[in-house]
Amino acid sequence: MSDTLRESLLVKLGQLQCHFTWGPQIDDVDLDDVKQRLQDSIIIGGKHQGVPHNQLAYINYRQGNCEEALHDLEEAERRLREIHGDGFERRSIVTHGNRAWLHYHMGQLSEAQSYLDKLEVTCGPLPQGPHVTAMVPEVWGEKGWSLLSSRSQCYEEAKECFARALEEDPNNTEWNMGYATALYRLESFSGILEKLEVSQSVRQLRRVLELDPGESVARVMLALRLQEFQQQAEANELVEEALRTSPDSPFVLRYAAKFYRMQQDVDEAIRLLKRALELTPRSSFLHHQMGMCYREKLLALRKNQGSGDPGMEAVLINDCKHHFGTAFELEPSYIIAQLDFAGICLMNGETDRAVEIYNNLQSLEDVTPDKKQAIELQLGLYELHHTKSELNAIRHFMEGLKIRRGSKQWKICYTKLEQIAGRQISR
């Protein structure tokens with residue numbers, strides 16, 4: 001192929017809507033972590049969770065595994081044909097775009113052109129874009145799921161993608177579920193809402209259940225949100241029904257476990273998490289949740305028995321350290337798990353180990369704002385409660401306030417500064 005034809009091919013590739021043109025969304029993320037989560041989601045097989053093979057293919061390409069990437073895209077096509085049948089052509093716009101780009105990078109230019117030709121056949125009659133692509137709901141939805149799988153800074157854009165998909169296809173359960181998931185995560189990052197009526201995720205999750213009463217993941221997500229608003233009776237019914245209808249869904253199990261942990265039924269939470277780990281043993285999220293459960297048991301033991309039973313305390317501390325440690329071994333960028341591990345070290349008198357972790361985290365570059373804020377909060381609490389230095393604590397809490405206004409961590413930083421100021425005034 002001549003240089004002129006190669007350049008013409010590259011111009012057409014640049015017009016495509018696919019993971020190769022959406023690539024910046026996964027800059028500054030741990031590719032191995034995203035890859036593991038995508039592989040877990042393929043094993044889990046969520047009812048309305050998109051087809052993750054496309055994004056997995058792009059990550060394999062980024063890691064130099066082009067043959068694996070090609071296999072992922074072939075599997076994506078197979079799954080799309082199996083699930084969507086007559087809707088395959090529009091559903092395959094992103095997959096075919098990814099294949100065109102992958103063949104181009106593999107030097108297989110005629111194969112790349114063949115997929116551009118397929119896209120022209122599919123997209124040519126559509127009014128939503130250039131002849132080789134079209135911003136139809138199927139493309140907006142695929143992009144939304146991809147953004148949700150990337151990093152928290154992408155959640156707002158993911159919400160907008162699902163909203164655009166719903167403009168043309170308002171009764172599509174998958175786009176409604178994606179929109180609900182984006183709203184749920186955005187609300188979780190911004191902190192607990194004061195009024196149930198204000199929660200957009202509650203309304204949207206109810207909408208999903210109207211469209212598909214059997215959507216168990218939406219059911220248990222709704223239960224968690226209602227739990228925050230003390231709507232306990234309805235929340236209990238939702239979780240129990242979700243576990244009845246989908247007892248082996250890791251998504252349902254993980255959300256239900258969180259629900260029971262928040263309800264102080266830690267043993268039931270641990271039981272559910274163990275079942276989920278049997279299905280997805282390399283889930284850093286599940287190991288972190290297990291660590292949080294054992295920490296609850298440790299705190300309850302200390303509260304109820306003073307200094308506690310040393311033998312049982314040692315067991316629980318080891319359980320906490322094992323699961324928090326496994327979480328960040330599986331996902332080195334899991335900063336919250338590292339902070340929780342450091343907290344257990346402090347509880348166990350291992351101050352030097354905790355300080356070492358804090359120093360390592362402080363030295364990290366390119367940390368996302370929400371993780372940076374979590375680090376500053378925990379450093380502030382360490383200085384306040386362990387070194388008894390209000391001055392250093394104030395410095396860290398102030399840094400936390402500069403980062404992400406309105407988040408849960410921001411609110412704790414603000415409250416701690418208010419408390420310190422109140423004590424200083426009363427002295």
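Figure 1. His53 lies in helix α3, which covers residues 53–62. The model shown here and in the other views is a predicted one. His53 has a relative accessible area of 7%. Buried means under 20%, so His53 counts as buried. Leaving aside residues up to four places away in sequence, His53 touches Ile42, Asp72, Glu75, Ala76 and Arg79.

**Figure 2. Thr280 in the loop between α15 and α16.** Helix α15 spans 266–279 and helix α16 spans 284–304; Thr280 sits in the loop between them. The relative accessibility of Thr280 is 1%, and this residue counts as buried. Its contacts include Asp40 and Ile44. Pro250 and Leu286 are also touched by Thr280. For a sense of distance, take Thr280 together with Ile336. They are 56 residues apart in sequence. In space, their C-alpha atoms are 20 Å apart.

**Figure 3. Helix α12 against helix α14.** Two packed helices are described by the angle between their axes and the distance between the axes. Here α12 holds residues 216–228 and α14 holds residues 250–262. Their axes come within 9 Å and cross at roughly 15 degrees. That angle makes α12 roughly parallel to α14. The crossing is left-handed. From α12, the contact takes in Ser216, Val217, Val220, Met221, Ala223, Leu224 and Gln227. From α14 come Phe251, Val252, Tyr255, Ala256, Lys258, Phe259 and Met262. By type, the residues of this contact are 11 nonpolar, 2 polar and 1 charged.

**Figure 4. Helix α1 crossing helix α6.** This view pairs α1, residues 3–14, with α6, residues 93–105. The two axes come within 10 Å. They cross at roughly 145 degrees. The crossing of α1 and α6 is left-handed. On the α1 side, Arg6, Leu9, Leu10, Leu13 and Gly14 make the contact. On the α6 side, the contact residues are Ala100, Trp101 and Tyr104. Sorted by type, the contact of α1 with α6 has 6 nonpolar residues, 1 polar and 1 charged.

**Figure 5. Helices α17 and α18 packed together.** Helix α17 covers residues 310–330, and helix α18 covers residues 335–347. They pack at an angle of about 155 degrees, with axes 8 Å apart. The two helices are therefore roughly antiparallel to each other. Their crossing is left-handed. Helix α17 brings Ile317, Cys320, Lys321, Phe324, Gly325, Ala327 and Phe328 to the contact. Helix α18 brings Ala337, Gln338, Asp340, Phe341 and Ile344. The residues of the contact of α17 with α18 divide into 8 nonpolar, 2 polar and 2 charged.

**Figure 6. The whole chain, as a setting for the close-ups.** The protein has 22 helices and 0 strands. Its radius of gyration is 24 Å, close to the 22 Å that the globule rule gives for 427 residues, so the protein is as compact as a globular protein of that length. Along the principal axes, the C-alpha trace spans about 75 × 50 × 40 Å. Of the 427 residues, 52% count as buried.

Key. Residues are numbered from 1 along each chain as its sequence is written. This is a predicted model: local features need pLDDT of at least 70, side-chain atom pairs count only at pLDDT 80 or more; totals for chains, interfaces and linings use all residues. Side-chain values use heavy atoms; hydrogens and water are left out. Axes are lines fitted to C-alpha atoms, for helices over the stretch in contact, and angles run from 0 to 180 degrees between N-to-C directions. Helices (H or I, at least four residues) and strands (E, at least two) are DSSP runs, numbered from the N terminus. Angles under 35 degrees count as roughly parallel, over 145 as roughly antiparallel, 65 to 115 as roughly perpendicular and the rest as oblique. A crossing is left-handed if the near helix is turned anticlockwise from the far one by less than a right angle, and right-handed if clockwise. Contact means heavy atoms within 4.5 Å. Ala, Val, Leu, Ile, Met, Phe, Trp, Tyr, Cys and Pro count as nonpolar, Asp, Glu, Lys and Arg as charged, and the others, Gly among them, as polar. Buried means under 20% relative accessible area, exposed over 50%, partly exposed in between (1.4 Å probe, protein chains only). The radius of gyration is taken over C-alpha atoms; the globule rule is 2.2 Å times the number of residues to the power 0.38.
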